[in-house]
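Work through the exercises below with the sequence and the structure open. Each task is followed by a solution in steps.

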There are 2 protein chains.
Amino acid sequence: MTGSVAPTLEMVAARAGVSRSTVSRVVNNSPQVTPEVVAIVTSAIAELGYVPNRAARSLVSRRTQSIALVIPENTARFFADPYFAAVIQGAAMFLAETEYTLTLLIGSPDDSNKVLRYLQGGNVDGALVLSHHSDDGAYLRLARSLPVVFGGRPMDNEDNDSFYVDSDNVDAAAMATRHLIERGRTRIATIAGPQDMAAGIDRIEGWRTTVEAAGLTPGPVEVGDFTPPGGADAMRRLLERGGDFDAVFVASAQMASGALGVLREAGLSVPSDLGMTTVDNDYFAINAVPPLTAVEQPTTRQGAKIAEMLVDLIEGRTIERHATIPTSLVIRDSA
Amino acid sequence: MTGSVAPTLEMVAARAGVSRSTVSRVVNNSPQVTPEVVAIVTSAIAELGYVPNRAARSLVSRRTQSIALVIPENTARFFADPYFAAVIQGAAMFLAETEYTLTLLIGSPDDSNKVLRYLQGGNVDGALVLSHHSDDGAYLRLARSLPVVFGGRPMDNEDNDSFYVDSDNVDAAAMATRHLIERGRTRIATIAGPQDMAAGIDRIEGWRTTVEAAGLTPGPVEVGDFTPPGGADAMRRLLERGGDFDAVFVASAQMASGALGVLREAGLSVPSDLGMTTVDNDYFAINAVPPLTAVEQPTTRQGAKIAEMLVDLIEGRTIERHATIPTSLVIRDSA
DNA sequence: GTGAAAGCGCTAACAC
DNA sequence: GTGTTAGCGCTTTCAC
């Protein structure tokens, strides 16, 4: 199965008639090698199909050229969330153009420290942590001994000096809410996200401040878990409470899609009976009936940005601790 | 940023008062170490927080303990396809329980051989290839020198002796089509998938044979690209051709969701005017209006199975070359 | 500008 | 049952 053994640096050296050191210099683009020698070595490398052995290289250089992408265990079931897929894609595609490799790490239910030990053990040069819940403590601590960049602002009680990339969730919610107001809605409810996630907290804040800034009274609030069934339940509770609202800002398109199903059953139609806007311009928003007016967060770009920041951090370049990805409103039929 | 240096095996040995070999044996669960010594070494390891250095280990053992998950470049843009997310999740979660690590590789547009060179270079113990198009040649060749398991049957012209995990696409299409027939539909069209992908070919075959086995004449066929817009276009063409059909089997839920939009615009209602069934019980099927009767393919389990086969292959266990994941029909409102 | 030599942390014969 | 020894493939001083 193994076929022929991979060629080593030594074999290249023999073929090119130079020493191993010289080959190593050529491989690492050292400026101080004669052009002719470079040419000879380069063709020897090509003829042999030589690829440097990462293990040997990282053993001596103390750099692994690999980056971990960590998905905390409790988030693993949300993996089907288009958000994760897009962020991972963005990070992977960015790193494909670099010398770094992306290692996917999922918290093991059996041994919650396995991932941390792996990260601490010098097996990667840095880590991207997709943070969603409030259990970020361990990873915030990890950041003291390893370059770490978070996707989404991590939750903690101290001043936040960690590196992270986030979209402006407050502003996203504000845009979506403002649109409802501009469409003439005055009693605006919200289906909020979990209040132990930054996105959940920020979006409810954006909704509230926008409503109040317009001189309106905030409508009823129900909290969901960012999933379609969670959104459906929240909408059901909203209706049971009496339905004193003419619009609802739903904190995620997945919840909105669940909520729409409940409204359909209740015989309420969007946007005539109720205006609706949401965040996440994903297929839940696009394929909803009616298609939803939603705030677009370029998640693929966010993934790329996280990876880029981490590479900069690893390579010692100076960077801003926080980056914010701009959002924009995509207007469709729901409001 | 690096904090204190990671402890080495030698430091553990010194602390435990034994030789490095003994520590190594303990770390590798060698049976021939005295229980007392094991205890001493184990606690020294714990006190120091020792984690073996993978680079050093793999340099000598010639095993990297890492597995590549390859996504061909032309598929990368389909990453948001829930299929990929689910397969990756299944593989990652399975591997989290093993000693293997998952490295995500995306074909680089700049240098299409980069991934292959990496794989050839002995940097991984094996590769999972998510195959979707007909460009699998290079990876089929790779399989001669590296353990490779494909997700989805790879396309080739020779006898297929590669390892792969697939769902029974012929049967899936047959189930979906049979359901339409059982509901009394007699003129059954199809929106097929790309005919250079195994799933596209197999599903149209399942549709055709089922229709013919029932003594019916196959309805019109239009080919889409598995995306919602592709499904919408195909449905438009189907309607332009005259609409001589009372049901349509759509080869993917994404295409079905696009097709439904076209039907809505045309004033046709499902299921009263037209019955519809599809494959992929994902959120496109669940959140469609009306919710779609769809064949469920447990893609997460498929991901886990691919990973499991590859690990078996790497570790020299004898396994079947092909595994098939069972499918089942989920009946909803569209037929 | 190029080569020689040392050593990264670990495993695996081989002694004892 | 445990220690000694040699090297895995590479980078990196240090001579020349």
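The model is predicted, and local features need pLDDT of at least 70, side-chain atom pairs count only at pLDDT 80 or more, and totals for chains, interfaces and linings use all residues. Residues are numbered from 1 along each chain as its sequence is written, and chains are lettered from A and ligands numbered from 1 in the order in which they are written.

**Exercise 1.** Determine how chain A is related to chain B.

Solution. Step 1: superpose the copies by least squares on the C-alpha atoms of residues with pLDDT of at least 70 in both.

**Exercise 2.** Describe the side of chain A that touches chain B.

Solution. Step 1: count contacts (C-beta atoms, placed from the backbone, within 7 Å); 44 residues of chain A meet 45 residues of chain B. Step 2: assign them to elements, which are DSSP runs numbered from the N terminus, helices being H or I of at least four residues and strands E of at least two. Two or more residues each come from α4, α6 (82-96), β2 (101-106), α7 (114-120) and α13 (283-286) of chain A, and α6(A) has the largest share, 7 residues. Step 3: sort by type; 23 are nonpolar, 16 polar and 5 charged (nonpolar: Ala, Val, Leu, Ile, Met, Phe, Trp, Tyr, Cys and Pro; charged: Asp, Glu, Lys and Arg; polar: the others, Gly among them). Step 4: compare the copies; 100% of the interface residues of chain A are also interface residues in chain B, so the copies meet through the same surface.

**Exercise 3.** How do β2(A) and β2 of chain B run?

Solution. Step 1: apply the pairing rule, at least two DSSP bridges between the strands. Step 2: β2(A) and β2 (residues 101-106) of chain B are joined by 3 bridges and run antiparallel. Step 3: locate a facing pair; A:L104 is opposite B:L102 in β2(B).

**Exercise 4.** List the domains of chain A.

Solution. Step 2: the C-alpha centres of domain 2 and domain 3 of chain A are 29 Å apart. Step 3: each of these two domains puts 8 residues into their contact.

**Exercise 5.** Which residues come nearest to DNA strand D?

Solution. Step 1: select residues whose C-beta atom, placed from the backbone, lies within 6 Å of the strand. Step 2: of the 26 residues found, A:L9, A:S24, A:A56, B:S19 and B:V60 come nearest. Step 3: α4(A) contributes the most to this surface, 5 residues.

Methods. Domains from an automatic or database assignment.
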